[in-house]
Amino acid sequence: MIAHVHIDPPGTTVLSGASGWLGTAIMHALTDPDGRWHRSGMIRPLVRDRVEAERLRMLARHVDPVIGDLTKPTSLAPLFAGLSGTVDVIHAAGIIHAKNVAEFFTVNTGGTRTMLAAAQAHGVRRFVFVSSNSPFGTNPHPGDRFRNDEPYHPYLGYGESKMQAELAVFDAVQTGLNAVIVRPPWFYGPYQPPRQTTFFKMVRTGKFPIIGGGEQSRSMAYIDNLVQGVMLANLVETDAGLGWWIADRHPYTINEIVDTVGRALVDEGFDVSPRRRHVPAIVGRVAELADRTIQRTGRYNQNVHVLGEMDKSIACDISVARRDLGYEPEIELYEGIRRSIRWCREQGLSL
Amino acid sequence: MSALTGSHHDCQVLVIGSGAGGATTAATLAEAGFDVTIVEEGSWVEQGSVVPFSLEQMQRQYRSGGLTVALGRPSIAYTEGRCAGGGTEVNSGLYRRPNESTLDRWRTTYDIVDFPSDELFAICDEVESALSVQTVPGQHSPASERLRRGAASLGWQHDEIPRWMTYPDGDHAPGQRQSMTRTYLPRALSSGAVMLCEHRVKRLVSDRDRAFRAELTGPGGQPVTIDFEHVFVCAGAIHSPALLQRSGHRGLIGRRLAVHPTVKLVARFDQPINVDDDVPVHQVKEFAPDLSFGGSASQPGLVALALTDNWPEMRDAITAWPEMAVYYAAITSEGRGRVRSLPGLHDPLVTYNLTRRDRDLLGSGLARLALVMLEAGAREVFPSFRGAPIVRQRLDLSEVTRRFAATAASVMTVHLCSTVPMGSDQSKAAADSFGRLHGTDNVYVNDASLLPDAPGVNPQASVMAIAIRNARRFAGINA
Amino acid sequence: MIVPTSPLNIEGPFGRFADRLLALELPDLPQVYHDDTVAFICLRVAELPSPLKIGTSVLSYGVGLAQRVAGLDRTTEFLRSTHLPLLAELARMVRSLGFAFVWESWPQTLPSGLQGATAS
């Protein structure tokens, strides 16, 4: 077992994408006085508007939201203004379903470059970039696992934009920034967006399309596991320029995911249709082809994209994160899904 | 070597083919007291009389000079030994026992009876001692060392594969190959077996379920006949089924050809690494059994061959061949091929279909192999497929994955098997659990054709162990 | 004029194509080496397994026809650059056999075919 050297939390934590799914979870973790990741230093979330700013300001006294737009570099000046002491950046902002292909690049690639430049200009101590599985494409077969080092094989516009962002991070490392990368696959848990609630609903009503045999494998990351990975990537001393898969302990098959969601819904008192909608594999192939064609014209259709990705295996091996960071995922699928369902219920969302 | 002439012979057991399957069968049966005749289509070529992996060797010891192809999209080039000792005379000499899980899959899927792993592994022990299977006692070749270093740098599993070689000088070269012409064939001959080289069997003649005669062509094209009580067909995974088909046996024969398809690349380093008569002994097993990486023979001619797909863009590199070596990525394939003997044609038609998963795996395998090469310190990597980029840094790998298409790649293989799969389940297996062709009394197959599917490792150990097991069983019953 | 018995021998359409293609790809290869290489290619192709040999022969008859109609140079140029299945294999076969033979026989050959010293 390697001893992991933890550095002190920074004087200030700058967090982009703070009002997003992951960002919200990180904000709660940083401000929960009883939690493992509580920070007493200043938390400076970057948000897009006043409503979000007020919501986050309520979390704790030392939260100081800044309203700005990653795609407008000048609007970020206040983000680093007036800071002294150590500053770390967690760059969690990104767009996964965009209006069009260009927006992927504006936000994911351009936004990352902007944050990197600002971080370098302000002498940031450690920079954590939240990337994705998409720069690496899909596994060649269900039994395959992405190793920590893999050739890039970006999956369409989103994957390409995230790959370009990773390359920008490596460039910044070359010029002296202490930056690292966290790569989560499909994540789940509280603060989930409506698309994930729709997923639960489709499983409950037996309408979720299982493409092919449903034996394709998927790594998933419960949101708290992912937060743990991001925090460790920030605070465990490592070389700059490294990246890690952060996910649950093992990948799941699509059948396992659908069955587990169904079981968790039943155990939370929902009526769940025993039906499973099986769709021939060709549907996934056709959807992927359609997705590629649409994206080639610069446009983007979320439903087609999601369907086209559904027959793929996207599974990774987290052993290097365990070795380098001491990462130990604590929540597995069934428990994570139950917590997600309870959160939905607390929010008054109908499932 | 015996040089019998004349147009007719009689024997108790006829063994057709003298490779890993035929030589062990002949030795086992001759030593058990059977009157054995071995026929071999190729010549007896003394080791050392041709340079390993040279074009001259291909001409003299390979079938069709090495230009054999399984047609498909893409077509897969393959090679077969055609000489005394068969493939063992010309292959890389790497030795891997079958995995326990592979044996278990064969046992259960094909219902192979009386197939305990410990019996097979005990035979492996004997084979390893007979062939002096060992690792390189001293220095590895530079190309092998580079592969090891690349895998180690990525933290990917890798190891040295032992070979049936002795090393008089300690280091990797020159190794002395312990092939069939140096081991099992002399044993067979010293126990009274007779060997006829340059004799090709045209067909077997049967009376109902019993074969009794082989019709052959001798060295000068003259007709030869051999009458026998039992026949073991050990002509390899292409020509065993082809001969059986020519002899009127069809059914499941030749329908489930399995191979390990491979794609390759050339890596250029900063220092001379090319050695002309040896292949790397290290393999990367991180993704085994689905995907393995290893090194190939890398004479300048073979480096040029590997650059051919993109000659205009890559030809300038050829002058640096002393700094270059060829490496491969091999997969276990879900696809299957067919061997069809066509009336009037000397050679069978061989076809193979890769599945989508196979093609995807070849692409990701080649990109991962290129990554290993970059980690090993390669300055430039030249993948072998039409339209491939020259890889100099990690970012270039995204171009490899983006541009790769299996149909544009030079796919090749050396491990052919499974055309007469064994097992008691007659809906899947063409031969019984001990290699006797279903529906015959005395026609046995005893070579790579019997392996129910591709073993995911160099198959010679599996072929030899199963051949010896089956020959012993036969000797026990027919003593 | 002697009519070649096989389209694959050195005088036939395949041999003419191999000769021309090799001249284009390795223009500076000494004539003796060039001739040896073409002879080697034709010898090997003549030993192809029978189904492949029949296929190559049929293609070569077509190539012979094209050589007469469109001329040797234009036919060679087309076959050299085409990606059509089967037809593309002809050039690939000539290149593979030719380059392997040239660099195994004369490893100091430069990309143009010129004989020089290799890098070290």
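1. Chain A contributes 13 residues and chain B 17 residues to their contact, where two residues are in contact if their C-beta atoms, placed from the backbone, lie within 7 Å. On the chain A side that touches chain B there are six nonpolar, four polar and three charged residues. Here Ala, Val, Leu, Ile, Met, Phe, Trp, Tyr, Cys and Pro count as nonpolar, Asp, Glu, Lys and Arg as charged, and the others, Gly among them, as polar.

2. This is a predicted model, in which local features need pLDDT of at least 70 and side-chain atom pairs pLDDT 80 or more, while totals for chains, interfaces and linings use all residues. Residues are numbered from 1 along each chain as its sequence is written, with chains lettered from A and ligands numbered from 1 in the order in which they are written.

3. Two pairs of chains touch, and chains B and C have the most contacts. Chains A and C share no contact; their closest C-alpha atoms are 23 Å apart.

4. Chain A holds an open sheet of seven strands, ordered 3-2-1-4-5-6-11, with parallel pairing. Strands are DSSP E runs of at least two residues and helices H or I runs of at least four, numbered from the N terminus; two strands pair if DSSP finds at least two bridges between them. Strand 3 (66-67) and strand 11 (243-245) of chain A each have a single partner strand, so one side of each lacks a neighbour in the sheet.

5. Strand 5 (residues 126-130) and strand 6 (residues 179-183) of chain A run parallel, joined by four bridges. A:Phe127 has A:Ala179 as its bridge partner in strand 6 of chain A.
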